[in-house]
Structure formats: structure tokens, C-alpha cells
Amino acid sequence: MPKPIIHYEKVKDPKVLDEAIASCPTEVFVKEKGKVTVKNPKNCIGCRACEALCHNGEITVSDD
Ligand code: SF4
């Protein structure tokens, strides 16, 4: 099952996360009070659209 992980320590530009979460077709992420979290991990279909936009490894998707 694909599992998206946010690596906060790698986030230099918050806009990258904003674009990545906007790319997710299944609303895995939410942004609340300025913080992005993985809210619905079971929704992840492993398309890796989010990962593709995170060139600094801000979000990775593992296949556990
Ligand atoms: S891999 Fe696709 S479905 Fe999963 S969190 Fe990233 S964008 Fe969303």
C-alpha cells in the first residue's frame, strides 16, 4: 500500500508543498492553520504526482 510521507526538515519553500498537495487527486493531504499534514493516507493511489513536484524530497511515497 503506497504511503506518502512529508519530510518537514526538507521544506525550504512552503509553496512546493502547496503545489504538491494541490496535485493530489484523492485529497490525501490537508492544510490547517498553515501546516500540511497527511490526513487521509488510505486514499493514496500511489500516482506519485506529489512526489514528482518535490525536487528536494519534501514528500516521498513508499511502497510498504
Ligand atoms: S501519490 Fe498521488 S494519491 Fe498518493 S498522496 Fe501523492 S498525489 Fe496523492
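The residues of the shell around the ligand divide into eleven nonpolar, three polar and one charged, where Ala, Val, Leu, Ile, Met, Phe, Trp, Tyr, Cys and Pro count as nonpolar, Asp, Glu, Lys and Arg as charged, and the others, Gly among them, as polar. This is a predicted model, in which local features need pLDDT of at least 70 and side-chain atom pairs count only at pLDDT 80 or more, while totals for chains, interfaces and linings use all residues. Residues are numbered from 1 along each chain as its sequence is written. The ligand is surrounded by 15 residues, and the closest are Cys24, Val28, Cys44, Cys47 and Cys50; a residue is near a molecule or strand if its C-beta atom, placed from the backbone, lies within 6 Å of it. Two elements give two or more residues to this shell, namely strand 1 (2–6) and helix 2 (49–53). Here helices (H or I, at least four residues) and strands (E, at least two) are DSSP runs, numbered from the N terminus.

Taken along the principal axes, the C-alpha atoms fill a box of roughly 30 × 25 × 15 Å. Of the contacts with a separation of 6 or more, 62% join residues 24 or more positions apart, a contact being a pair of residues whose C-beta atoms, placed from the backbone, lie within 7 Å.

Buried residues make up 20% of the 64 residues in the protein. A residue is buried if 20 or more other C-beta atoms lie within 10 Å of its own, exposed if 12 or fewer, and partly exposed in between, with C-beta atoms placed from the backbone. In soluble globular proteins, nonpolar side chains tend to be buried together. The largest nonpolar core consists of ten residues, Ile6, Leu17, Ala20, Ile21, Val28, Phe29, Cys44, Cys50, Cys54 and Ile59, and helix 1 (residues 14–23) gives the most to this core, with three residues. Such a core is a set of buried Ala, Val, Leu, Ile, Met, Phe, Trp, Tyr and Cys residues joined through C-beta atoms within 7 Å.

Valine 28 belongs both to this core and to the residues closest to the ligand. Its place is in the loop between helix 1 and strand 2, and valine 28 counts as buried because it has 22 C-beta neighbours inside 10 Å. Not counting residues up to four places away in sequence, valine 28 touches Pro4, Val38, Lys39, Asn40, Pro41, Asn43 and Cys44.

The loop between helix 1 and strand 2 also holds proline 25, which counts as exposed because it has 11 C-beta neighbours inside 10 Å. Glutamate 27 is found in this loop too, and with 10 C-beta neighbours inside 10 Å it counts as exposed. Glutamate 27 has a positive phi of about 55° although it is not a glycine. Most residues other than glycine have a negative phi, and most peptide bonds are trans. Arginine 48, in the loop between strand 3 and helix 2, likewise has a positive phi, of about 65°, although it is not a glycine; with 16 C-beta neighbours inside 10 Å, arginine 48 counts as partly exposed.

Lysine 31 has valine 36 in strand 3 as its bridge partner. The two strands form a hairpin with two residues between them, and lysine 33 in the turn has a positive phi of about 50°.

Threonine 60 lies in strand 4 (residues 59–63) and counts as partly exposed, with 15 C-beta neighbours inside 10 Å. Leaving aside its neighbours within four places in sequence, threonine 60 is in contact with Ile5, His7 and Glu51. The C-alpha atoms of threonine 60 and cysteine 50, ten residues apart in sequence, are 7.9 Å apart in space.

Key. Two residues are in contact if their C-beta atoms, placed from the backbone, lie within 7 Å. Two strands pair if DSSP finds at least two bridges between them.
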